[in-house]
Amino acid sequence: MAGEPQSDCLFCKIVAGEVPATIVRESETTVAFRDINPQAPTHVLVIPKAHHADAAALAAAEPGIAADVLREAGEIAAQENVRGSGYRVVFNTGSGAGQTVFHAHAHVLGGRGLEWPPG
Ligand code: 5GP
Ligand code: ZN
């Protein structure tokens with residue numbers, strides 16, 4: 001069921017503490033942790049604790065939690081001192097766009113120049 005933990009989901013396991021992660025921030029509804037394969041000096045993933053396959057599904061089912069993810073992404077940028085220099089919040093959606101974990105997550109990327117358009 002949407003929102004319930006999925007036994008085969010890596011990020012649900014991180015939420016449950018069953019898979020270790022370097023957690024940098026947590027709220028009632030979200031967890032933020034460092035990406036295991038960072039693509040920039042700051043590369044943090046912000047996820048809802050509830051399981052939804054992608055950002056659109058999250059926003060449709062629990063818009064308040066989608067807002068929490070966005071707010072936390074901004075707080076991470078401040079915490080990581082990239083708010084001033086600029087940062088990017090990315091939701092890869094669908095395998096064609098590079099989504100590999102089907103539990104909604106925002107990538108917060110910063111600390112280097114970020115090209116536009118992205119690849
Ligand atoms: P996606 O490709 O779905 O947009 O993003 C998934 C992200 O999760 C990737 O950037 C990948 O490096 C990261 N990732 C995959 N497995 C793990 C893990 O076990 N721990 C952490 N911290 N990040 C992971
Ligand atoms: Zn999940």
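How many residues lie between β1 and β2 in the hairpin that they form? The hairpin of β1 and β2 has 3 residues between its strands. This report describes a predicted model, beginning with these strands and continuing to the zinc site and the salt bridges.

## Strands β1, β2 and β3

Strand β1 comprises residues 23-26, and its pairing with β2 is antiparallel, over 3 bridges. Within this pairing, Glu-26 stands opposite Val-31 of β2. Strand β2 also pairs with β3, again in the antiparallel sense, here over 5 bridges. Ala-32 has Val-46 in β3 as its bridge partner.

## The zinc site

The zinc ion (ligand 2) has four protein donors: Cys-9 (SG), Cys-12 (SG), His-51 (ND1) and His-103 (ND1), at 2.1 to 2.3 Å from the ion. The arrangement is tetrahedral because the 4 donor atoms subtend angles of 107 to 115° around the zinc ion. Along the sequence, the donor residues follow the spacing C-x2-C-x38-H-x51-H. Cys-9 belongs to the segment before α1 (10-16), while His-103 belongs to the loop between β4 (87-90) and β5 (106-110); the pair therefore ties together parts that are 94 residues apart in sequence. Cys-9 and His-103 are both buried.

His-51 is found in the loop that runs between β3 (42-48) and α2 (55-61). Its relative accessible area is 12%, so His-51 is buried, the cut-off for this class being under 20%.

Leaving aside residues up to four places away in sequence, His-51 touches Ala-2, Gly-3, Glu-4, Gln-6, Cys-9, Cys-12, Phe-102 and His-103. The side chains of His-51 and His-103 are also joined by a polar contact of 3.4 Å.

The whole structure contains 5 salt bridges. Side chains of opposite charge can pair when their charged atoms come close. One of these salt bridges joins Glu-26 to Lys-49, with 3.0 Å between the closest N and O atoms. This pair links distant parts of the chain, since Glu-26 is in strand β1 and Lys-49 is in the loop between β3 and α2, 23 residues apart. Glu-26 is exposed, at a relative accessible area of 52%, whereas Lys-49 is partly exposed at 27% relative accessibility.

Arg-34 and Glu-80 form another salt bridge, in which the closest N and O atoms are 2.8 Å apart. Because Arg-34 lies in strand β2 and Glu-80 in the loop between α3 (63-79) and β4, the pair ties together parts that are 46 residues apart in sequence. Arg-34 has a relative accessible area of 34% and is partly exposed; Glu-80, at 18% relative accessibility, counts as buried.

## A network of charged residues

Salt bridges link Arg-25, Asp-68, Arg-71 and Glu-72 in a network. Within it, the side chains of Arg-71 and Glu-72 meet at 3.7 Å, N to O. Glu-72 counts as buried at 5% relative accessibility, while Arg-71 is partly exposed, with a relative accessible area of 42%.

Notes:
Residues are numbered from 1 along each chain as its sequence is written. Chains are lettered from A and ligands numbered from 1 in the order in which they are written. This is a predicted model: local features need pLDDT of at least 70, side-chain atom pairs count only at pLDDT 80 or more; totals for chains, interfaces and linings use all residues. Side-chain values use heavy atoms; hydrogens and water are left out. Helices (H or I, at least four residues) and strands (E, at least two) are DSSP runs, numbered from the N terminus. Buried means under 20% relative accessible area, exposed over 50%, partly exposed in between (1.4 Å probe, protein chains only). A polar contact is a pair of N or O atoms within 3.5 Å; within protein, one must be able to donate a hydrogen and the other to accept it, and residues adjacent in sequence count only if both atoms are side-chain atoms. Contact means heavy atoms within 4.5 Å. Two strands pair if DSSP finds at least two bridges between them. Donors are N, O and S atoms within 2.8 Å of the metal (3.2 Å for Na, K and Ca); water is not among the atoms, so sites may look incomplete. Four donors count as tetrahedral if all angles lie between 85 and 135 degrees; four count as square planar and six as octahedral if opposite donors are over 155 degrees apart and all others between 65 and 115; anything else is irregular. A salt bridge is a side-chain nitrogen of Lys or Arg within 4 Å of a carboxyl oxygen of Asp or Glu.
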